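Biologist: Please show me the model, and let us then discuss it point by point.

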Amino acid sequence: MAKIAELNDFNFENSIKESELPLLVDFWAEWCGPCKMIAPILEEISNEREGKIQIAKLNVDTALAAARRYEVMSIPTLILFKDGKPIRRIVGAKSKSSLLRELDPDLS
């Protein structure tokens with residue numbers, strides 16, 4: 001079972017640079033309803049696409065520097081990093097099928 005990592009301002013940069021797989025970072029907050037809606041979907045994707053993608057969460061209330069650096073203005077925002085660089089940004093809660101449609105081309 002794939003584990004969703006918890007990121008913060010201290011481990012964020014190293015995590016995106018050192019990830020051997022594409023890393024999808026979920027910028028979220030405790031008070032965000034849509035963030036809570038997509039959390040189980042991200043867990044399913046993490047398990048179903050294990051070995052193809054790694055998923056991590058970053059709480060924007062406690063990791064302001066990373067959220068500012070990547071200009072996260074609304075949440076949930078999902079940013080897919082590959083080789084340490086952002087390659088795709090998805091804003092707002094989406095269905096599992098919609099997320100996979102957007103992500104799968106970058107997971108080959």
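Modeller: Two remarks on the source come before your questions. This is a predicted model, in which local features need pLDDT of at least 70 and side-chain atom pairs count only at pLDDT 80 or more, while totals for chains, interfaces and linings use all residues. Residues are numbered from 1 along each chain as its sequence is written, and side-chain values use heavy atoms, with hydrogens and water left out.

Biologist: What radius of gyration does the protein have?

Modeller: The C-alpha atoms fill a box of roughly 30 × 30 × 25 Å along the principal axes. The radius of gyration is taken over C-alpha atoms, and the globule rule is 2.2 Å times the number of residues to the power 0.38. For 108 residues a compact globule would come near 13 Å, and the protein agrees with this at 12 Å.

Biologist: What share of the contacts between residues at least 6 apart in sequence joins residues at least 24 apart?

Modeller: Contact means heavy atoms within 4.5 Å. Among contacts in the protein between residues at least 6 apart in sequence, the share that joins residues at least 24 apart is 70%.

Biologist: Is Phe 27 buried or exposed?

Modeller: Phe 27 lies in strand β2 (residues 23-28). Beyond its neighbours within four places in sequence, Phe 27 is in contact with residues including Phe 12, Leu 58, Val 60, Tyr 70 and Ile 79. Buried means under 20% relative accessible area, exposed over 50%, and partly exposed in between (1.4 Å probe, protein chains only). With a relative accessible area of 0%, Phe 27 is buried.

Biologist: Which hand does the disulfide of Cys 32 and Cys 35 have?

Modeller: A disulfide is a pair of cysteine sulfur atoms within 2.5 Å, and a search of the whole structure finds 1. This disulfide joins Cys 32 to Cys 35, S to S 2.3 Å, and both cysteines are buried. The torsion about the S-S bond is about 80 degrees, so the disulfide of Cys 32 and Cys 35 is right-handed.

Biologist: What covers the buried residues of α4?

Modeller: Helix α4 spans residues 96-103, and its buried residues are Ser 98, Leu 99, Leu 100 and Leu 103. The elements that cover them include β2, α2 (33-48), β4 (77-82) and β5 (85-91).

Biologist: What is the relative accessible area of Glu 71, and what is that of Asp 83?

Modeller: Glu 71 is found in the loop between α3 and β4 and has a positive phi of about 50 degrees although it is not a glycine. Asp 83 is found in the loop between β4 and β5, with a positive phi near 55 degrees in a residue other than glycine. Both residues are exposed: the relative accessible area of Glu 71 is 56%, and that of Asp 83 is 67%.

Methods
Helix = DSSP H or I, 4+ residues; strand = E, 2+ residues; numbered from the N terminus.
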